Amino acid sequence: MITRRDAALQLDIPLEMAKRHGIPARLTVDELVELEKSPPAWLVQSRANRTGKPVWVDLACVVCGFHEAARPKKWWPDYTWLSCDDHGVDELPEPQPGLARREVAGVGSRFVAIVDERP
């Protein structure tokens, strides 16, 4: 049995969409395979409307390796590194010479995006 969240990840759809269209809280692998082989009209339409950007991304901390799957937000910057919010800046790789560093909190459930850019 797999969870609705895992099914949403596999189908590359938001969890809210999985709930709205009646994907059960738990389903078998065979049921998921059948959804992928013969997608319902709503899933076909959702895939046709895709912008090419993933619905889910894997976020990983450069310091400790903690990772999670999350839905990307439009406001997330193009970051150089990600770290958990409890790591210090001294634990991160140094920025390249000539680059300034800024931090953007709130990426995923506990990450800080580290953005190294030209001043």
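Modeller: Buried means under 20% relative accessible area, exposed means over 50%, and partly exposed lies in between, for a 1.4 Å probe and protein chains only. This is a predicted model, in which local features need pLDDT of at least 70 and side-chain atom pairs count only at pLDDT 80 or more, while totals for chains, interfaces and linings use all residues. Residues are numbered from 1 along each chain as its sequence is written, and side-chain values use heavy atoms, with hydrogens and water left out.

Colleague: Which relative accessible area does Glu 117 have?

Modeller: Glu 117 forms a salt bridge with Arg 102, with the closest N and O atoms 2.7 Å apart, where a salt bridge is a side-chain nitrogen of Lys or Arg within 4 Å of a carboxyl oxygen of Asp or Glu. The pair links distant parts of the chain, since Glu 117 is in strand β7 and Arg 102 in strand β6, 15 residues apart; helices (H or I, at least four residues) and strands (E, at least two) are DSSP runs, numbered from the N terminus. Arg 102 is partly exposed at 38%, and Glu 117 is also classed as partly exposed, with a relative accessible area of 32%.

Colleague: Asp 116 forms a salt bridge with Arg 101, so is Asp 116 buried or exposed?

Modeller: The closest N and O atoms of Asp 116 and Arg 101 are 2.8 Å apart. Asp 116 lies in strand β7 and Arg 101 in strand β6 (residues 100-107), so this pair ties together parts that are 15 residues apart in sequence. Arg 101 counts as partly exposed at 24% relative accessibility, whereas Asp 116, at 14%, counts as buried.

Colleague: Which residue meets Arg 71 in a salt bridge?

Modeller: The count of salt bridges comes to three, and in the one that involves Arg 71 the N to O distance is 2.7 Å. Arg 71 lies in the loop between β4 and β5 (81-84), and its partner in helix α2 is 55 residues away. Arg 71 is partly exposed at 30% relative accessible area, and so is the partner, at 46%; that partner is Glu 16.

Colleague: How are the rings of Phe 66 and Phe 111 arranged?

Modeller: The structure holds two aromatic pairs, where rings of Phe, Tyr and Trp (its six-membered ring) pair if their centres lie within 6.5 Å, with planes under 30 degrees apart counted as stacked, over 60 as edge-to-face and the rest as tilted. Phe 66 is partly exposed at 30% relative accessibility, while Phe 111 is buried at 1%. Their ring centres are 5.9 Å apart and their planes stand at 35°, so the pair is tilted.

Colleague: What arrangement do the rings of Trp 75 and Trp 76 have?

Modeller: Trp 75 is partly exposed, with a relative accessible area of 48%, and Trp 76 is buried at 13%. The ring centres of Trp 75 and Trp 76 are 6.4 Å apart with planes at 90°, so the pair is edge-to-face.

Colleague: What separates the C-alpha atoms of Val 115 and Asp 78?

Modeller: Val 115 is placed in strand β7 and is buried, at 4% relative accessible area. Beyond four places in sequence, Val 115 touches residues including Pro 77, Asp 78, Tyr 79 and Thr 80. Val 115 and Asp 78 are 37 residues apart along the chain, and their C-alpha atoms are separated by 7.1 Å.

Notes: Contact means heavy atoms within 4.5 Å.
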